[in-house]
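Colleague: I have some questions about the labels attached to this model. Please give the grounds for each one.

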Amino acid sequence: MSDFRDVKGKVAIVTGAARGIGKGIAETLASEGVHVVMADLLDLVHESCKEVNEKYPESKAYSVVLDVSDENAVKELVAGAVKKFGKLDIMANNAGMHAPTGNVWETEEKTIDRIMAVNFKGIFFGCKYAAQQMIKQKSGTIVNTGSFFGKVGHPGSATYGASKAAVHTMTQSLSQEIAEYKVNVNALCPGLAASEMHWGFVEADAKALGITFDEMKEKELEDIPLHRYGYGKDLAGAIMWLATPSGEYITGQLINVNGGLDFT
Ligand SMILES: NC(=O)c1ccc[n+]([C@@H]2O[C@H](COP(=O)([O-])OP(=O)(O)OC[C@H]3O[C@@H](n4cnc5c(N)ncnc54)[C@H](O)[C@@H]3O)[C@@H](O)[C@H]2O)c1
């Protein structure tokens, strides 16, 4: 059988996999026969992994609690996956956080440091250790979760946006450095995704406009040409493409997975 789009038997690490987009990525990859290592700051990741194993027992998923801003923990995460499965095919650096920072002139240094540590350094460390393994293998795909907010500045999101912009340019740098080893590196930019992170914004925006949570959701859905929120499965579709010969010619790109929300 052609392996043009086949991911069965591949090994993936997905960070931020306890819930939201990351959980959806892990579930979808597992449903296609990928062995998934699910990592997250929250203990909930063990429960999420149990669900994946019950649904897709052929995928030997296991879970790890870690803070992606801890370089050594990320190094061990990659080493552990390679020890168990002998290789690493897909590194999905997805863990991220947003925090209400206010305007630039109101933002505290500790908030900047934490967001940069998780969103930028966390993804950097995932790239670093996955790259070391993939260079040895001369194969693999690294997929970072970026954001529209990293392409265009938004009020109240200066730190978050800057952290994602840093992810975008780092993705491009690494893609050039590692291309000769047949490893592709890309960032996926979700639009508005159905997740705890996004519901926090919907709630705040609804409050600011004096409308209900559901009215705010309706309003947002009107702006998305495909009229639905994004899910982890949508990102997983792109990851499976990038991880197989069907997508091996794509590298260094910031790919929108956003229902047509914007064209940046
Ligand atoms: N939801 C959206 O609309 C949207 C849009 C653009 C980009 N994104 C990005 O998508 C990714 C996933 O976000 P989501 O929407 O699923 O949010 P979410 O908050 O539901 O999930 C994020 C996950 O990352 C984990 N995490 C946070 N900090 C961590 C750390 N230090 N170490 C390990 N795990 C950590 C959280 O515990 C959580 O499980 C993030 O990188 C986010 O910035 C989301």
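Colleague: By class, how many nonpolar, polar and charged residues does the shell around the ligand have?

Modeller: This is a predicted model. Its shell around the ligand has 12 nonpolar residues, 12 polar ones and four charged ones. The shell comprises 28 residues, with G16, G20, G96, S195 and M197 the closest to the ligand. Helix 1 (20-31), helix 4 (109-137) and helix 6 (196-209) are the elements that give two or more residues to the shell.

Colleague: From which domains does the shell around the ligand draw at least three residues?

Modeller: From domain 1 (11-193 + 231-257) and from domain 2 (195-228), at least three residues each. The C-alpha centres of these two domains lie 25 Å apart. Seven residues of domain 1 are in contact with six residues of domain 2. On the domain 1 side, the touching residues are three nonpolar, three polar and one charged.

Colleague: Why are strand 3 and strand 7 said to stand at the edges?

Modeller: The sheet is open and has seven strands in the order 3-2-1-4-5-6-7, paired in parallel. Strand 3 (62-65) and strand 7 (254-257) each have a single partner strand, so one side of each is left without a neighbour in the sheet. On average, neighbouring strands of this sheet are turned by 20° against each other, direction ignored.

Colleague: What makes strand 4 and strand 5 a pair?

Modeller: Pairing takes at least two bridges. Four bridges join strand 4 (residues 90-93) to strand 5 (residues 140-145), therefore the two strands pair. They run parallel. For I90, the bridge partner in strand 5 is T141.

Colleague: Which strands do helix 3 and helix 8 lie across?

Modeller: Helix 3 (residues 71-85) lies across strand 1 (11-15), strand 2 (35-40) and strand 3, at about 155° to strand 1. Helix 8 (residues 232-242) lies across strand 4, strand 5, strand 6 (183-190) and strand 7, and runs at about 165° to strand 6.

Colleague: Why is A39 called buried?

Modeller: The label needs 20 or more other C-beta atoms within 10 Å. A39 has 32, so A39 is buried. A39 is found in strand 2. Leaving aside neighbours within four places in sequence, A39 is in contact with I13, T15, A17, V45, V64, L66 and L77.

Colleague: How far is A39 from E222, in sequence and in space?

Modeller: They are 183 residues apart in sequence, and 34 Å apart in space, C-alpha to C-alpha.

Colleague: Where are K138 and K182 found, and what is the phi of each?

Modeller: K138 is found in the loop between helix 4 and strand 5. Its phi is near 60°, a positive value in a residue other than glycine. K182 is found in the loop between helix 5 (158-178) and strand 6, and its phi is near 65°, also positive in a residue other than glycine.

How values were computed: Residues are numbered from 1 along each chain as its sequence is written. This is a predicted model: local features need pLDDT of at least 70, side-chain atom pairs count only at pLDDT 80 or more; totals for chains, interfaces and linings use all residues. A residue is near a molecule or strand if its C-beta atom, placed from the backbone, lies within 6 Å of it. Ala, Val, Leu, Ile, Met, Phe, Trp, Tyr, Cys and Pro count as nonpolar, Asp, Glu, Lys and Arg as charged, and the others, Gly among them, as polar. Domain bounds come from an automatic or database domain assignment. Axes are lines fitted to C-alpha atoms, for helices over the stretch in contact, and angles run from 0 to 180 degrees between N-to-C directions. Two residues are in contact if their C-beta atoms, placed from the backbone, lie within 7 Å. A residue is buried if 20 or more other C-beta atoms lie within 10 Å of its own, exposed if 12 or fewer, and partly exposed in between; C-beta atoms are placed from the backbone.
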